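Trainee: I would like to learn how to read features in a protein model. Could we go through them one at a time?

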Amino acid sequence: MSEITELAARRLLIDYTRDMPLSDDDPTRIADRTFTDDAVWVTDGTELTREQLIAHAAPARKNVTAVQMLIDELLVDGHRFAARCRLSTEHRKLGHTVIEWILVGEIAGDGRVQRIHQLGRNT
């Protein structure tokens, strides 16, 4: 399970954070690859459902022109993972932004993300 968990965590951190704002692919398809139907992402105490994550794609695609995720640490234990990383973006309105993230997540048996708890800090 640890290998599946690591692949799922990297898919979330690298592919998902790149594809949602920059890809021409349907956001629902991106979410289907990444999240279970009942997935929940809690960021700084705010809970987002899978549907809310999909809805976030439209404003992200309007405003984000470049994105890069740097994973500083990734720890895996069975179906759980923890990561410390930095999201660097170019934003039409905000310019260059960097957000440091600490995430703890759970991966379902099918290799998709089921739950994320995230703390973020703009640098």
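Trainee: Is Arg50 buried or exposed?

Mentor: The model is a predicted one. Arg50 has a relative accessible area of 8%, and buried means under 20%, so Arg50 counts as buried.

Trainee: Which residue does the side chain of Arg50 meet in a salt bridge?

Mentor: The general idea comes before the case. Side chains of opposite charge can pair when their charged atoms come close. Here the side chain of Arg50 meets that of Asp32, with 2.0 Å from N to O. The two residues are 18 apart in the chain, and the pair links distant parts of it: Arg50 belongs to helix H3 (residues 50–55) and Asp32 to helix H2 (residues 27–34). Asp32 is partly exposed, with a relative accessible area of 35%.

Trainee: How many salt bridges does a search of the whole structure find?

Mentor: The search finds 14. Another one pairs Arg18 with Asp19, at 2.9 Å from N to O. Arg18 is partly exposed at 36% relative accessible area, whereas Asp19 is buried at 14%.

Trainee: What about Asp110 and its salt bridge?

Mentor: The partner of Asp110 is Arg112, and their closest N and O atoms are 2.9 Å apart.

Trainee: Where does Arg112 lie?

Mentor: Arg112 is in the loop between strand E5 (95–107) and strand E6 (113–122). To read a residue like this, list its polar contacts and then its other neighbours. The side chain of Arg112 reaches the backbone oxygen of Phe35 at 2.8 Å. A polar contact of 2.9 Å also joins the side chains of Arg112 and Asp110. Leaving aside residues up to four places away in sequence, Arg112 touches several others, including Arg11, Asp32, Thr34, Glu106 and Ile107.

Trainee: At what angle do the axes of helix H1 and H2 cross?

Mentor: The axes of helix H1 (residues 2–22) and H2 cross at roughly 175° and come within 10 Å. Angles over 145 degrees count as roughly antiparallel, so H1 is roughly antiparallel to H2.

Trainee: Which residues make the contact between H1 and H2?

Mentor: From H1 come Arg11, Leu12, Tyr16, Asp19 and Met20, and from H2 come Pro27, Ile30, Arg33 and Thr34. The residues of this contact of H1 with H2 divide into five nonpolar, one polar and three charged.

Trainee: What is the phi of Asp44?

Mentor: Asp44 has a positive phi of about 50°, although Asp44 is not a glycine. Its place is the loop between strand E1 (35–43) and strand E2 (46–49). Asp44 counts as partly exposed, at 47% relative accessibility.

Note on methods:
Residues numbered from 1 in each chain as written. Predicted model: local features only at pLDDT ≥ 70, side-chain atom pairs only at ≥ 80, totals over all residues. Heavy atoms only, no water. Salt bridge = Lys/Arg side-chain N within 4 Å of Asp/Glu carboxyl O. Buried < 20%, exposed > 50% of the residue type's maximum accessible area, 1.4 Å probe, protein only. Helix = DSSP H or I, 4+ residues; strand = E, 2+ residues; numbered from the N terminus. Polar contact = N/O pair within 3.5 Å; in protein donor to acceptor, adjacent residues only side chain to side chain. Contact = heavy atoms within 4.5 Å. Axes fitted to C-alpha atoms, helices over the stretch in contact; angles between N-to-C directions. Parallel < 35°, antiparallel > 145°, perpendicular 65-115°, else oblique. Nonpolar A, V, L, I, M, F, W, Y, C, P; charged D, E, K, R; others polar.
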